[in-house]
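Visitor: I have a model open and want a quick tour. Can we start with the terms, then go through it piece by piece?

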Amino acid sequence: MKSKQKFSKKYLLMWALAWVCTTALVTFGSVYLWESSLLTGIAIILSLAVGVGMVLANRKFVNAADELQRKIQLESMGLTLGLTVVVGLAYSQLDTTGLLNSDAEISTLVLFMGVTYIVCTAINSRKYS
């Protein structure tokens, strides 16, 4: 069982790194490497495909975990989803009502989501250990 968990963790890491690379390719490739809309479109499709692979790898990672780890992951994911929706809507409303001095950026929400997931996982791991 431990080897299956290690494999699924490495598998998820590989897909996550690949997705970060394809996202960077889309972001910076269209600015520094090419001027073609076609190449940008292909890079976006590639990034989407790798992103789906990452989601499936995450599913495999959770399914390979024992019951306690599944509970920790699912609680962390549930809290992260709920907080991201609530904070994301409030963030958008701050922008649309003019109370935010700058535009609401999705990257800020993604950063919030990542930090929330890490904190929730740490808290849940400590809570159940």
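Guide: Helices first. They are DSSP runs of H or I with at least four residues, strands are runs of E with at least two, and both are numbered from the N terminus. This is a predicted model, where local features need pLDDT of at least 70, side-chain atom pairs count only at pLDDT 80 or more, and totals for chains, interfaces and linings use all residues. Residues are numbered from 1 along each chain as its sequence is written, and side-chain values use heavy atoms, with hydrogens and water left out.

Visitor: Fine. How many aromatic pairs turn up in the whole structure?

Guide: Three. Rings of Phe, Tyr and Trp (its six-membered ring) pair if their centres lie within 6.5 Å; planes under 30 degrees apart are stacked, over 60 edge-to-face, and the rest tilted. Phe7 and Tyr11 make a stacked pair, with 5.7 Å between centres and 25 degrees between planes.

Visitor: How far apart are Phe7 and Tyr11 along helix α1?

Guide: Four residues, so about one helical turn separates them. Tyr11 also pairs with Trp15: the centres are 6.4 Å apart and the planes at 70 degrees, so this pair is edge-to-face. Tyr11 and Trp15 are also about one turn apart, because four residues separate them in α1.

Visitor: Why does that spacing matter for direction?

Guide: An α-helix has 3.6 residues a turn, so residues three or four places apart point the same way. Ring pairs link Phe7, Tyr11 and Trp15 into a cluster.

Visitor: What is the relative accessibility of Phe7?

Guide: Phe7 has 47%, so it counts as partly exposed. The scale is relative accessible area: buried is under 20%, exposed over 50%, partly exposed in between (1.4 Å probe, protein chains only). Tyr11 is partly exposed at 27%, and Trp15 is partly exposed at 23%.

Visitor: New topic. How long is α3?

Guide: Helix α3 covers residues 67–96, which is 30 residues. Its first and last C-alpha atoms are 43 Å apart, close to the expected 44 Å. The expected span is 1.5 Å times one less than the number of residues. After α3 comes Gly98, with a positive phi near 85 degrees.

Visitor: Which residues of α3 are buried?

Guide: Ile72, Gln73, Ser76, Thr80, Thr84, Gly88 and Tyr91. The buried residues of α3 pack against α2 (37–64) and α4 (106–128). Contact here means heavy atoms within 4.5 Å.

Visitor: Pick one. What does Thr80 touch?

Guide: Leaving aside neighbours within four places in sequence, Thr80 contacts Met113, Thr116, Tyr117 and Cys120. Thr80 has 6% relative accessibility, so it counts as buried.

Visitor: What lines the largest pocket?

Guide: It has 17 lining residues, and Met54, Asn58, Met77, Met113 and Tyr117 lie nearest its centre. α1 (2–33), α2, α3 and α4 each supply at least two.

Visitor: And the second largest pocket?

Guide: About 200 Å³. Lys2, Gln5, Lys6, Ser8, Lys9, Phe61, Ala65 and Gln69 line it. α1 gives the most, with five residues.

Note on methods. 1 Å grid on protein atoms, 1.4 Å probe; cavity = no way out; pocket = protein on both sides within 12 Å on 5 of 7 lines; lining within 4 Å. Points joined across faces, edges and corners; volume = space filled by probe spheres on them.
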